[in-house]
Amino acid sequence: HLRQIDTAPAVLERVGAGAVADVLGAAGCSAVTMLPRGIGDYRARDGGLDNLVTAKDLGLVMVAVANRTVGPESVGVQAERILSAQEHRDKIPAGLPAGSYAANKTGWISTVSHDVAVVRPAQASPYVLAVCTTTSVPEQVASALIASMSSSVWEGWTG
């Protein structure tokens with residue numbers, strides 16, 4: 001049962017899997033991370049095409065967005081602006097103090113839950129946090145775990 005509303009299909013449809021692979025390569029991602037199909041493309045999935053990511057690679061892409069090295073500077077600015085308007089804020093952003101800035105990309109399917117964010121504290125340097133889980137706990141429990149990890153990172157970073 002898929003519960004995710006995602007922009008990935010729209011991005012993949014607009015630019016194609018090859019362009020996405022180019023960005024992943026430019027960000028320094030490993031060969032493990034690949035996004036050959038849209039989230040709801042069950043025909044491609046059933047044909048053996050799977051989207052795979054690692055937390056490290058998600059972090060590398062977010063660092064490239066935050067540092068404006070994902071392409072022309074305007075691409076990084078626009079990407080971060082879009083990510084900062086993310087409506088799903090129950091993972092990394094939920095572990096931050098109220099009013100803290102985070103631009104994040106979250107996702108989940110059955111037993112997988114993840115979030116990656118650039119966090120820009122007012123009184124400290126920005127940082128990127130990426131968390132991927134594979135678990136059979138309910139989504140709310142996985143979200144709370146990621147939020148707790150985010151809170152711990154915030155405290156260690158800004159404390």
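# Close-up views of the predicted model

**View 1. The surroundings of Ser-150.** Leaving aside residues up to four places away in sequence, Ser-150 touches Ile-92, Gly-95, Leu-96, Tyr-127 and Leu-129, where contact means heavy atoms within 4.5 Å. The model is a predicted one, in which local features need pLDDT of at least 70 and side-chain atom pairs count only at pLDDT 80 or more, while totals for chains, interfaces and linings use all residues. Residues are numbered from 1 along each chain as its sequence is written, and side-chain values use heavy atoms, with hydrogens and water left out. Ser-150 belongs to helix 5, residues 139-158; helices (H or I, at least four residues) and strands (E, at least two) are DSSP runs, numbered from the N terminus. With a relative accessible area of 0%, Ser-150 is buried. Buried stands for under 20% relative accessible area, exposed for over 50%, and partly exposed for values in between (1.4 Å probe, protein chains only).

**View 2. The aromatic pair of Tyr-127 and Trp-157.** The count comes to 1 aromatic pair, under the rule that rings of Phe, Tyr and Trp (its six-membered ring) pair if their centres lie within 6.5 Å, with planes under 30 degrees apart taken as stacked, over 60 as edge-to-face and the rest as tilted. The pair is tilted: the rings of Tyr-127 and Trp-157 are 5.3 Å apart centre to centre, with 50° between the planes. It links distant parts of the chain, since Tyr-127 in strand 3 and Trp-157 in helix 5 are 30 residues apart. Tyr-127 counts as buried because its relative accessibility is 6%, whereas Trp-157, at 44%, counts as partly exposed.

**View 3. Helix 3 and its packing.** Helix 3 comprises 12 residues, 55-66, and reaches 16 Å from its first C-alpha to its last, close to the expected 16 Å; the expected span is 1.5 Å times one less than the number of residues. Its buried residues are Asp-57, Leu-58, Gly-59, Met-62, Ala-64, Val-65 and Ala-66. They pack against helix 4 (73-84), strand 1 (102-109), strand 2 (112-119) and strand 3 (127-134). Just after the helix, Arg-68 takes a positive phi of about 65°.

View 4. Gly-76, Glu-80 and Leu-83 are buried in helix 4. These residues lie on the same side of the helix, because they cover an arc of only 65° around the axis; the arc is that of the directions from the helix axis to the C-beta atoms. The face turned away from this buried side carries the exposed residues Ser-74 and Arg-81. Helix 3, strand 1 and strand 2 are the elements against which the buried residues of helix 4 pack.

View 5. The open sheet has 3 strands in the order 1-2-3, with antiparallel pairing; two strands pair if DSSP finds at least two bridges between them. Strand 1 and strand 3 stand at the edges with a single partner strand each, so one side of each has no neighbour in the sheet. Strand 1 and strand 2 are joined by 8 bridges, and Thr-106 stands opposite Asp-115 in strand 2. Helix 4 packs on the sheet, touching strand 1 and strand 2, and its direction makes about 65° with that of strand 1. Such angles run from 0 to 180 degrees between N-to-C directions, the axes being lines fitted to C-alpha atoms, for helices over the stretch in contact. Helix 5 lies across strand 1, strand 2 and strand 3, at about 150° to strand 3.
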